[in-house]
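Have the viewer open as you read.

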Amino acid sequence: LVMCVFAVALLLVERNIRDIDLQDRSSAVVKLFEQKLDKDANLMQAVLRAIKSNAAVERALADRDREALARLSGPLFEALRGEHRLTHLYFHRSDLVNLYRAHSPDQFGDEVDRVTTGDARRKGAPASGLELGPLGTLTLRAVMPRERNGELLGYIEIGEEIAHLIDEVRRSLNVGLLVLVEKQRIAPDEWRRGL
């Protein structure tokens, strides 16, 4: 009887220690992930400010000149992709219709209806956030309105798929992480294309 009581007590203590450890690790994962997202979002806002201040980009956006945007943003996007893991660069008209995608130049003319673009439009100020893309990827996005003399010319948006952040958190805290996405949130054809 004494041995049984001792075994049950030991089991309960061990379970309690395991639960506390799991709770501590979970809190650390959330905190580290949020810190890394904030750091990358701040870097993205700085990049947007630099692009926004380029007079040639301003003219191309105002003139809705896709060729000029391609010429101006192509080398910049390749450098940003290589050095900072940015995976998306967009230029949208003031009505949020896409004018040019540096990462996918042949796709344009669609209305961009995302939370971050909507926030930037409503606030008239930069916005950023984590969003699920149509291909099923989690992307940190930052959007900045571009104005000239009080007139809205359009929006500049950059994005970064966050797989590397998940890997960094996993390595830093020595935890296994898994991202799950509800299938009904993604169009099947888009998901297959994203594979």
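Is aspartate 65 buried, partly exposed or exposed? With 28% relative accessibility, aspartate 65 counts as partly exposed; the cut-offs are under 20% relative accessible area for buried and over 50% for exposed, with partly exposed in between (1.4 Å probe, protein chains only).

## Ground rules

This is a predicted model, where local features need pLDDT of at least 70 and side-chain atom pairs count only at pLDDT 80 or more, while totals for chains, interfaces and linings use all residues. Residues are numbered from 1 along each chain as its sequence is written, and side-chain values use heavy atoms, with hydrogens and water left out.

## Overall build

The protein has 6 helices and 5 strands. Here helices (H or I, at least four residues) and strands (E, at least two) are DSSP runs, numbered from the N terminus. Reading from that end, the order is α-α-α-β-β-α-β-β-β-α-α. The radius of gyration is 22 Å, well over the 16 Å that the globule rule gives for 195 residues, so the protein is more spread out than a compact globule. (That radius is taken over C-alpha atoms, and the rule is 2.2 Å times the number of residues to the power 0.38.) Along the principal axes, the C-alpha trace spans about 85 × 35 × 30 Å.

Of the 195 residues, 35% count as buried. The accessible surface comes to about 12000 Å², and carbon and sulfur atoms hold 54% of that; the areas come from the Shrake-Rupley method with a 1.4 Å probe, and for residues only the protein chains shown count as cover. Take the contacts (heavy atoms within 4.5 Å) with a separation of 6 or more: 57% of them join residues 24 or more positions apart. On the charge side, there are 29 positive and 30 negative side chains, and the centres of the two sets lie 1 Å apart. Lys and Arg count as positive, Asp and Glu as negative, and His and the chain ends are not counted; each charge is placed at NZ of Lys, CZ of Arg, CG of Asp or CD of Glu.

## The nonpolar cores

In soluble globular proteins, nonpolar side chains tend to be buried together. A nonpolar core here is a set of buried Ala, Val, Leu, Ile, Met, Phe, Trp, Tyr and Cys residues joined through side-chain atoms within 4.5 Å. The largest one has 33 residues, and Leu89, Phe91 and Ile158 have the most contacts inside it. At least two residues each come from helix 1, helix 2 (55-63), helix 3 (66-84), strand 1 (88-93), strand 2 (98-101), strand 4 (138-148), strand 5 and helix 5. Helix 1 gives the most, with 9 residues.

Click on isoleucine 158 and look around: leaving out residues up to four places away in sequence, isoleucine 158 touches Met44, Val47, Leu48, Leu86, His88, Leu89, Leu140, Arg141 and Ala142.

## Helix 5 up close

Which residues are buried in helix 5 (residues 163-173)? They are His164, Leu165, Ile166, Glu168 and Val169, and they pack against helix 1 (2-52) and strand 5 (151-161).

Two of them deserve a click. Histidine 164 is buried at 14% relative accessibility, and beyond its neighbours within four places in sequence it is in contact with Asp40 and Arg85. Histidine 164 and arginine 85 are 79 residues apart in sequence, with 8.7 Å from C-alpha to C-alpha. Glutamate 168 is buried too, with a relative accessible area of 18%; setting aside its neighbours within four places, glutamate 168 is in contact with Lys36 and Arg85.

## Loops and positive phi

Just after helix 5, asparagine 174 takes a positive phi of about 55 degrees. Arginine 64 has a positive phi near 55 degrees, in a residue other than glycine. Arginine 64 sits in the loop between helix 2 and helix 3 and is partly exposed, with a relative accessible area of 45%. Phi of asparagine 149 is positive as well, near 55 degrees. Asparagine 149 belongs to the loop between strand 4 and strand 5 and counts as exposed at 79% relative accessibility.

Back to aspartate 65, which lies in the loop between helix 2 and helix 3. Aspartate 65 and leucine 89 are 24 residues apart in sequence and 16 Å apart in space, C-alpha to C-alpha.
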